[in-house]
Structures are given as structure tokens and as C-alpha cells.
Amino acid sequence: MPTRSRPWPAPSGSVVPLVEVSGLSVRYRVPRERVASFKEFAIRWLKRRVAYQDLWALRSVDLTVGPGEILGVVGRNGAGKSTLLKVLARVLHPTEGRVVVRGSIAPLLELGAGFHAELTGRENVYLYGALLGYDKRDLDARFAAIVDFAELWDFIDAPLRVYSSGMISRLGFAVATCDYADLYLIDEVLAVGDAAYQEKCRQRLITYRDQGASSVVVSHDPGSLTQVCDRLVWLDEGREMRTGPVGDVLEAYAARTLPLSSITRAASAAA
Amino acid sequence: MTVIDTAPAGNRRYYDSAERAAPWLEELSGLMRYRFLIRQLVARSIKTRYKRSVLGVAWTMVSPLLTMLVLTLVFSQIFRFQAADYALHVLSGLVLWNFFAQSTVGAMNDLMWSGGLIGRIYLPKSSFAVAAVGTGLVNLGLALVPLGLIALALGQPLNPVWWAVPLVIALSAAFALGVGLLVSSLSVYFQDVAPTYEVLLTAWLYLTPVIYPVSLLPPGLAAWLKLNPMHAHVELFRDVVLRGVVPSAELVVMGLVSAAGALALGWWAFTRKARDYAYQV
């Protein structure tokens, strides 16, 4: 692996992509037998017998996301969708390959990660904001807008443990999206609040999209991606099966994963 | 077309996974960018520790006092120590020891059990250790209050060498951070490091003249104390806070060398693998 990097060569005559992923592989090393204690490890290491099982969550994935583009990622459980988002969010470092993101990132994958039940809503806004890389000035300036969006003024000084799960996810979403970012990483499994509130969240993301933001959206339900995505990537067991226009990818995906009628319907609707 | 760059967020606007500064340097610059997070983490541990207790922050002050009371009652009877001297000796020793123990154990536990944060969100991994030492410093500051009050009550007012107090505490903090980083990096890979370390800490406490005076040790054993860095840190603290004397050169050198050595070793060991920690949680 090179220690010094050269500037990424921009594709000639086209827009510089916001995200460039090339040859991305991610390997989890799972000990064959769980070696959790140091004593065991020392004994095995002396005997040269620490056996690992390599589990490739992603294998040689190449993709780009242009400015303002919404890329959907489909695939079954364990296909590597969440791993891809975690690599883009810098949580996991690539085992092989390279990831370049030319812009700010707003991860919406683990909304409210780091919230503390004993702290008040107000304190949690600052704690979660700090975890996302904001400083005090940023958060002071945005605090009122965050609470407005979460619709939680009545509870903002109550400890989080009295919040309902819907309220907690509203607060998490409000903090995580309190600002424009160049790239939103969205895990569709996380539904925020009731239907009306979900619509409000969607509207906010659409506003950001109109301002030029890109997104990578991960979903089990390909049907929900047909409306919003510009392009799709289909992952299966860490490998990139197909990338391209929504209709094409869905069709190929449906053909492989039949009989999932909802996908077929979505594919024909998109085609 | 140029890259859109309008976000005022504190996070970076350019990420290249192949870009690789030296790990120790990369972690340091990450830590600088996340200064506000460290303050928030310190505030979180202080607030949540006392949220549901009636005495609140007073616990930090009361708990070493109670330990001191028990030990003084017991030891002044058994060993016929002069009670007032002994009480201050124990209390000052415990205050510094608790700071060290809480900071190092906190560094380890926060990294692993903070809701698995490092597997869910990007942040500089050393934030937890730095915040644990920060929390320890706040508690140490609070614990100095009862120390002063007890000294007054016993008719032996503290006569600290004021200018040296922050320096001595800084040395202990650096040592605690180094040890905290070292044990945290091990505990990421081995689950039994945390319980082992807590047992070792207890043994270490009894190997250090914290709850007994140095004079109790036979001369043969006392010579070994020179190799115990915590002995140097506790004695430095007692010299400048309790006895009001400038510490001997030997103690200062021992304190400096152990602090710098632990910090360098801990930082190197921790940052070397820091970007792989998310795979382990």
C-alpha cells in the first residue's frame, strides 16, 4: 500500500465525481474458534495455531457518485450494503482498494449513536453533534433549528429516558441533518417517526438534493428506491453484480432473486 | 466544475483512504479537530455519574474521606501510627491513586463499552482515553477540597508549593494517559485485559506506599520502590501539596521519565492499530 498518495486522476472531459471507490475490499478476520483471552492467544500463538477465517464483506467494488447524484444500493442480507456505507463514513478502513470523498459527509446510519439516556435532550444534541464533528459554535447556531425540526421543545430539558423511540429518532435525524452536506449516507431500514414525519424527513433530504447534495441509499426494498435513485448498484455476497440505470438493475436483481413479486412489480413499474 | 464546498461542519471535506500520515500524527490531528467532543465526553461522564444521586458531586469528595476514616481508625490502632499525620498521608495518597486508577480504567472501558461507538461512527479513537484523564482531573480537583479541609481541621494547614502543583499533576496525568492508552489498545484485542488490569491495580496499590508509610517497609524492600513509577508520582504529589517542599531531583527525574516513557509507548502502541479497532467491536 502506498504511503504517499498522488492526486486522483480526474476522468477527462467529465464532472469530477464526488465519491470514487476503486477495487474496494473489506475483510473481517473471524477467529475460527473464539480466542478471547490473552492466555489462550499466547498459547496458540506459540504453537502457531491462531486460525482465522477470512470473511470478505466487500470484494473489488468500483463505483462513483457524481455531484447531486443519488445512488441506491440493493442486495440481500449480508450482501455488504452496510459495510459499504461504513467505509464511506470512514468507520471502517478499506482492507484493499481506495476510497475518495471530495466533500463533507453526513452519516444517517446509526441515528443517535452515542445518545445517553440520563442526559437531557439538550445535552444529547451537543453530545451527538460533537460526535458528528461539529463544534460548540456550529451547534449553538443550529440548536433552535434542530429542536424546531424535531418538534421537541416541550421535552428538550427532560432526560432522554422519558422519550419515546420515535422522539429519539426524530432528535437523532434532526441533529444528523442539521446542515447541508455534500454526501448523505442513508440506511433505509431506519424509519423516523410516523408516516407524516417520514415525509418531512424526505422533504428535507430533497431540499438538500436540490442544493446539490449527493446520497448513497441502502435498502432491502428495491421498490422504495425506484422513485428517488438516479442509478443502482446491486451487491451480492460482497461482489458488485450490476451497476446502472434503475430499471436494468432491478430487472437483473429480480431475475436472480425470484420469486420476490414486489421486486418484479417494481422493476416493471420502472421499466 | 469545482468541488462543492459549502458545509461549515467540523468534519473534514476531503477523505482519501490511501492518504496516510504517520499513525501517531494522524491521530493527534484528529484529536485536535475533535476538541469539542472531548469536552462533551468529560461533561457526559461527570453528569451521568451523579445524575441520580442525592449527594451529587459531593460523592467525589466524600468517598476518599470515608476510606481515610476507616483506614485511620484501623491502622492507628494496629500500628500505633500518629493518627493526624497518618490521616493526611492516606488521604493525599488515595486522592492521587484514585485519579490514576479511575483514568486508566475509564480509558479502557469507555473505548470498548461506550455503546460500541467506534463501530458505528467515525471519531478519533484516543478521544476516550483523553476524556477519561480529563474526567479524572476534574474529580482530582474536587478531591483537593476535602484534603484542604481535613488538613485545616487537624491543625496542619496545607502549605503547598503552588507553582509546582499543576506541574506535578500534569506529570501524573501524562503517565495515566500513557498507561490508559496502552491497556486500552490491548483490551480491544483481548477481553480478559480489563479484569486482569483491575487485579494488577490492586496489587500495585499495595506495592506503593499509599495506605502505609514508607517507613513501614524493611530497607531491602524500600530500595525497590525506586522502580515503581507510581511511588514517584504519589510522593511528588505529597511533597508539593502536603509537605510544601520542592521535591528531590531524583523524584522529579523519575516522574518525568516515567510520564514521558509511558506516554510515548502508549501513544505509539495505541495509534499503530487505531484504524482497525472498529473491526474488533
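Predicted model: local features only at pLDDT ≥ 70, side-chain atom pairs only at ≥ 80, totals over all residues.

Trainee: What share of the residues in chain A is buried?

Mentor: A residue is called buried under 20% relative accessible area, exposed over 50%, and partly exposed in between, using a 1.4 Å probe and protein chains only. Of the 271 residues in chain A, 52% are buried. Helix H2 of chain A, residues 81-88, is largely enclosed by the rest of the structure, because six of its eight residues are buried. The buried ones are Lys81(A), Thr83(A), Leu84(A), Leu85(A), Val87(A) and Leu88(A). After H2(A) comes Arg90(A), which has a positive phi near 70 degrees.

Trainee: How many salt bridges are found over all chains?

Mentor: Side chains of opposite charge can pair when their charged atoms come close. The term salt bridge is used when a side-chain nitrogen of Lys or Arg is within 4 Å of a carboxyl oxygen of Asp or Glu. Searching the whole structure gives 19 of them over all chains. One links Asp54(A) and Arg29(A), with the closest N and O atoms 3.5 Å apart. Since Asp54(A) lies in strand E2 (residues 52-65) and Arg29(A) in strand E1 (residues 19-31) of chain A, the pair ties together parts that are 25 residues apart in sequence. Asp54(A) is partly exposed at 37%, and Arg29(A) is likewise partly exposed at 47%.

Trainee: What does Glu69(A) form with Arg231(A)?

Mentor: Glu69(A) and Arg231(A) form a salt bridge in which the closest N and O atoms are 2.6 Å apart. This pair links distant parts of the chain, 162 residues apart, with Glu69(A) in the loop between E2 and strand E3 and Arg231(A) in strand E8. Glu69(A) counts as buried at 15% relative accessibility, whereas Arg231(A) is partly exposed at 22%.

Trainee: Which salt bridge joins two chains?

Mentor: Glu110(A) pairs with Arg120(B), the closest N and O atoms being 3.1 Å apart. Glu110(A) lies in a loop of chain A and Arg120(B) in a loop of chain B, so the pair joins two chains. Glu110(A) is partly exposed at 28%, as is Arg120(B) at 27%.

Trainee: At what angle do the axes of H3(A) and H2(B) cross?

Mentor: Axes are lines fitted to C-alpha atoms, for helices over the stretch in contact, and angles run from 0 to 180 degrees between N-to-C directions. The axes of H3(A) and H2(B) come within 8 Å and cross at roughly 140 degrees. That makes H3(A) oblique to H2(B), given that angles under 35 degrees count as roughly parallel, over 145 as roughly antiparallel, 65 to 115 as roughly perpendicular and the rest as oblique. Contact means heavy atoms within 4.5 Å, and the residues making it include Tyr126(A) and Leu127(A) of H3(A) and Phe36(B) and Leu37(B) of H2(B).

Conventions
Residues numbered from 1 in each chain as written. Chains lettered and ligands numbered in written order. Heavy atoms only, no water. Helix = DSSP H or I, 4+ residues; strand = E, 2+ residues; numbered from the N terminus.
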